[in-house]
Amino acid sequence: MTNEQVMARVIELALHGTGKVSPNPPVGCVLVKNGHIIGEGWHNEYGGGHAEVEAISNAIEDVGGATAVVTLEPCSHFGKTPPCADLLIQKGIKRVVIGIEDVNPLVAGNGITKLLNAGVEVEVGTMAEECAWLIRYYIKNITTGMPYVVAKIAQTIDGCIATENRESQWITSEESRRESHALRNELDAVLIGRATALADNPSLSVRNVIGRQPWRIILDTHLSLPITLNVFTDMFRSRTIICCAEHKVNGRKADELRSEGVKIIGVETDENGLINLRVALSRLSDEFRIASVMIEGGSMLFSSLVSRSLIDEYHFFIAPMLFGKGIRTFGEYSAETLASSKKLKIISFRQSGDDLLVVAV
């Protein structure tokens with residue numbers, strides 16, 4: 001087996017931790033000895049055993065002299081678990097093949113150095129691009145202090161997210177809605193603007209798939225939404241965060257929402273008197289350890305985020321229908337020139353029910 005063949009399996013294993021390990025990254029590990037796989041593992045939950053620990057625990061024979069293939073550099077510090085680099089050394093692992101070096105300053109090459117100093121052969125860079133994509137949320141969050149932002153857009157083929165009368169349920173197919181719920185499970189939070197909350201009264205819950213409930217974030221500058229909305233009254237209301245203007249964090253309505261378990265953070269406003277989106281995202285990372293966010297609308301929010309270059313990834317669910325004078329996805333965004341327009345790179349495209357799913361960055 002080549003390093004690439006084994007690493008492909010390691011990446012597949014790592015995906016089992018998706019939506020369970022944040023703010024840590026999903027990581028996989030495979031142990032190979034005498035040309036055969038003798039152990040597999042992945043980081044399955046935050047605070048649980050790391051991939052290397054699980055692979056060694058699951059090994060069907062002595063791991064001494066084996067090669068460990070991992071997507072990410074083994075940790076070298078004590079966190080919620082002991083250092084994996086130390087464990088590999090103690091167990092007599094002869095060689096470690098690593099996808100990418102960890103960007104966390106607590107590791108950042110220290111795990112590799114520790115292995116080399118112990119006489120372990122180390123190779124870095126196998127399927128590095130694929131391994132980096134696997135942990136893209138983690139990389140963005142660790143290196144910038146900002147969550148990775150994914151825009152999930154259900155639109156018509158002519159670029160509308162609702163009719164002129166704001167009717168939008170349902171533009172896309174049942175299969176696309178199931179895909180959207182799977183994406184909610186993968187990310188730490190779902191974020192919408194006030195207008196979407198008022199018009200749709202969404203639950204923003206994970207349905208149609210088995211998964212965890214992400215944080216639900218609503219931008220409500222003046223704290224004016226009715227407290228009867230689903231996100232304030234359902235069983236997940238303690239997973240709801242309201243971002244409002246700083247002067248609105250204290251008062252009767254704020255106290256009433258807090259008494260129901262809703263979280264409220266005051267954020268400075270921008271030149272338009274609206275929530276400063278960059279500051280809000282930074283605060284969500286700092287205060288709630290939110291490393292990834294899915295934006296679900298509406299048009300003003302999508303437009304504002306694009307204008308400020310705050311979207312990292314786009315998932316366009318494109319339905320084969322036309323609205324004409326509907327509400328456009330980026331109706332409030334305007335590129336002054338062709339040269340200044342937002343350029344995207346298509347990562348993948350495939351059919352989703354009757355729709356087309358396009359992923360771009």
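Lys and Arg count here as positive and Asp and Glu as negative, with His and the chain ends not counted; the place of a charge is NZ of Lys, CZ of Arg, CG of Asp or CD of Glu. This is a predicted model, in which local features need pLDDT of at least 70, side-chain atom pairs count only at pLDDT 80 or more, and totals for chains, interfaces and linings use all residues. Residues are numbered from 1 along each chain as its sequence is written, and side-chain values use heavy atoms, with hydrogens and water left out.

**Exercise 1.** State how many positive and negative side chains the chain has, and how far apart the centres of the two sets lie.

Solution. Counting gives 36 positive and 43 negative side chains. The centres of the two sets are 4 Å apart.

**Exercise 2.** Describe the largest nonpolar core.

Solution. Step 1: a nonpolar core is a set of buried Ala, Val, Leu, Ile, Met, Phe, Trp, Tyr and Cys residues joined through side-chain atoms within 4.5 Å; buried means under 20% relative accessible area, exposed over 50%, partly exposed in between (1.4 Å probe, protein chains only). Step 2: the largest such core has 37 residues, and Leu 31, Ile 93 and Val 96 have the most contacts inside it. Step 3: α1 (3–14) is one of the elements giving two or more residues, and its 6 residues are the largest share. Step 4: apart from this core lies another of 35 residues, among them Ala 151 and Leu 305.

**Exercise 3.** Find which residues of helix α6 (residues 136–144) are buried, and what covers them.

Solution. Step 1: Arg 136, Tyr 137, Tyr 138, Lys 140 and Asn 141 are buried. Step 2: their cover includes α5, β6 (148–156) and α7 (174–186). Step 3: Glu 186, in helix α7, touches Arg 136 and Tyr 137, among others (contact means heavy atoms within 4.5 Å). Step 4: Glu 186 itself is partly exposed, at a relative accessible area of 24%.

Conventions. Helices (H or I, at least four residues) and strands (E, at least two) are DSSP runs, numbered from the N terminus. Lists of a residue's contacts leave out its neighbours within four places in sequence.
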